[in-house]
Amino acid sequence: MSLVSYYAAQVTVWSSDERVRRWAVGVGVGFDLAALAYFKYTTFLLTNISAMSEMFMGREIHVIDVLLPIGISFHTFQSISYVIDIYRRDAPPARNIIDFLAFSSLFPQLIAGPVLRYKDLAAQFVSRTHSLELFAAGVYRFVLGLAMKVLVADSVAPLADRIFALTDPTLAESWLGALAYTVQLFFDFAGYSAMAIGIGLMIGFRFIENFNAPYVSRSITEFWRRWHISLSTWLRDYLYLPLGGNRKGPVRTYVNLIVTMVLGGFWHGANWTFLLWGAWHGGLMALERAMGVKKRQVWPGLIALPLTFTFVVIGWVMFRATSVGAALNMYAGMIGLNGVSIRPEIAWQITPSEVLMLAVGLGISFFPVLSRGRDVRPSPALRSTAMLMLAILSISRLTAQSDSPFLYFQF
């Protein structure tokens, strides 16, 4: 994939014939998408074809199980962005194949983001700054990310797993499980991004930030400016805008938003749940656009934050569920169809540490709102002490658990 992307981009540099340049970018992007489609969507496609064949013809089709290479989704997006940026002349081409292979295999963030663009790193492959101060800053970010993952995300993960495994969760159970997963996903993914940014700093690379307090958003549109920033900007620049963006009238704008988010959801995984999750966010963004979100805050001030957060939590249920049916079971519980309170057989499994870390995670998530107007910057000595304590606690926690994969490894 890297070789095809590199040389396809080189053709767009060497040639002055626009037809040749278009052909080259088509080959590069098409090859990358074909590789991703085979590894990520073959099994999904054959499974659905087999189900239809059995329904209408009475016979199944053999479904092969394709192993998913770890990190292929992020690698594909980075390769595509390189080819398109070089074609558009928005970025300088790599000096040589070695520079591009260094970019395409840059290990800190490759497995789970942030999604990097060559134009943001081109100068850093030529020259980078190395210093003890920069390395220490990298260590701080890495330790912070490790603590987010190990101390918070992994602590609430069992709570989310148990409740999402239920077929008939009650109102309290389903909302507790949904909130647990909401905290788990943010601290797991943002933790990985922080660790990747930290490792990058240690070796002289400055990566873009990937999160900016997303749960304090006051609209879904704002949420996507704060959550997985590298992905949302990628979808905007390479999908939404080429589809026409907002340049072809209101109706086309709404369609473009929905299509972009549905395809963004499908990028996350070959499952109907991801398509519906993308449609949920795309539909809400289209609604907010129709309400004038580009000019003003569309939701009433007092309820904007809790309403947006509720929309996000509802979406995470579909994102987390193993199937649409499992998600509907959770939704049934969230509106009280299976009872209200936490049942004794569930309550005894909920540990104090799970509840504590859930509260800590929510508190940190909303800290920018809670601390507004106050200077809460710690002194360097306090910051260093806190990081040392977090490192010790995180390493101690790691030694006590056998396996702790990052959630975004599955994408």
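Is Ile208 buried, partly exposed or exposed? Ile208 is partly exposed, because its relative accessible area is 31%. Buried means under 20% relative accessible area, exposed means over 50%, and partly exposed lies in between (1.4 Å probe, protein chains only).

## Basis of the model

This is a predicted model: local features need pLDDT of at least 70, side-chain atom pairs count only at pLDDT 80 or more, and totals for chains, interfaces and linings use all residues. Residues are numbered from 1 along each chain as its sequence is written, and side-chain values use heavy atoms, with hydrogens and water left out.

## Overall fold

The protein has 18 helices and zero strands. Helices (H or I, at least four residues) and strands (E, at least two) are DSSP runs, numbered from the N terminus.

A compact globule of 411 residues would have a radius of gyration near 22 Å; the protein has 23 Å, which agrees. That radius is taken over C-alpha atoms, and the globule rule is 2.2 Å times the number of residues to the power 0.38. Along the principal axes, the C-alpha atoms fill a box of roughly 70 × 70 × 50 Å. Buried residues make up 49% of the 411. Of the contacts with a separation of 6 or more, 75% join residues 24 or more positions apart. Contact means heavy atoms within 4.5 Å.

## Nonpolar cores

The largest nonpolar core holds 87 residues. Tyr215, Trp227 and Trp316 have the most contacts inside it. Helix α8 gives the most to this core, with 13 residues. Another core lies apart from it, with 19 residues, among them Tyr82, Leu116, Leu121 and Ala122. A nonpolar core is a set of buried Ala, Val, Leu, Ile, Met, Phe, Trp, Tyr and Cys residues joined through side-chain atoms within 4.5 Å.

Trp316 touches both Tyr215 and Trp227.

## The largest pocket

The largest pocket has a volume of about 900 Å³. Its lining comprises 27 residues, and the closest to its centre are Leu144, Met148, Phe187, Ile364 and Phe367. The elements that give two or more residues to the lining are α7 (132-164), α8 (171-202), α16 (352-365), α17 (367-370) and α18 (380-400).

The lining divides into 21 nonpolar, four polar and two charged residues. Here Ala, Val, Leu, Ile, Met, Phe, Trp, Tyr, Cys and Pro count as nonpolar, Asp, Glu, Lys and Arg as charged, and the others, Gly among them, as polar. On a 1 Å grid over the protein atoms alone, a pocket is an open set of points with protein on both sides within 12 Å along at least five of seven lines; lining residues have an atom within 4 Å of a point. Grid points are joined across faces, edges and corners, and the volume is the space filled by probe spheres set on the points.

## The loop between α8 and α9

Ile208 sits in the loop between α8 and α9 (220-226). Leaving aside neighbours within four places in sequence, Ile208 contacts Pro114, Val115, Leu116, Asp120, Ile197 and Ser230. Ile197 is eleven residues away along the chain, with 7.8 Å between the two C-alpha atoms.

Ala213 is also in the loop between α8 and α9. Its phi is positive, about 45°, although Ala213 is not a glycine.

## Arginines and an aspartate

Arg21 lies in helix α2 (residues 18-57). It counts as buried, at 5% relative accessibility. Beyond four places in sequence, Arg21 touches Thr12, Ser15, Ile86, Tyr87 and Arg89.

Arg89 belongs to the loop between α3 (72-88) and α4 (97-104). Arg89 counts as exposed, at 54%. Its phi is near 60°, a positive value in a residue other than glycine.

Asp237 is in helix α10 (residues 229-240). At 16% relative accessibility, Asp237 counts as buried. It touches Arg88, Arg117 and Pro242, not counting residues up to four places away.

## Leu284

Leu284 is placed in helix α12 (residues 272-290). With 9% relative accessibility, Leu284 counts as buried. Ile220 and Phe311 are its contacts, leaving aside neighbours within four places in sequence.

Definitions and conventions. 1 Å grid on protein atoms, 1.4 Å probe; cavity = no way out; pocket = protein on both sides within 12 Å on 5 of 7 lines; lining within 4 Å.
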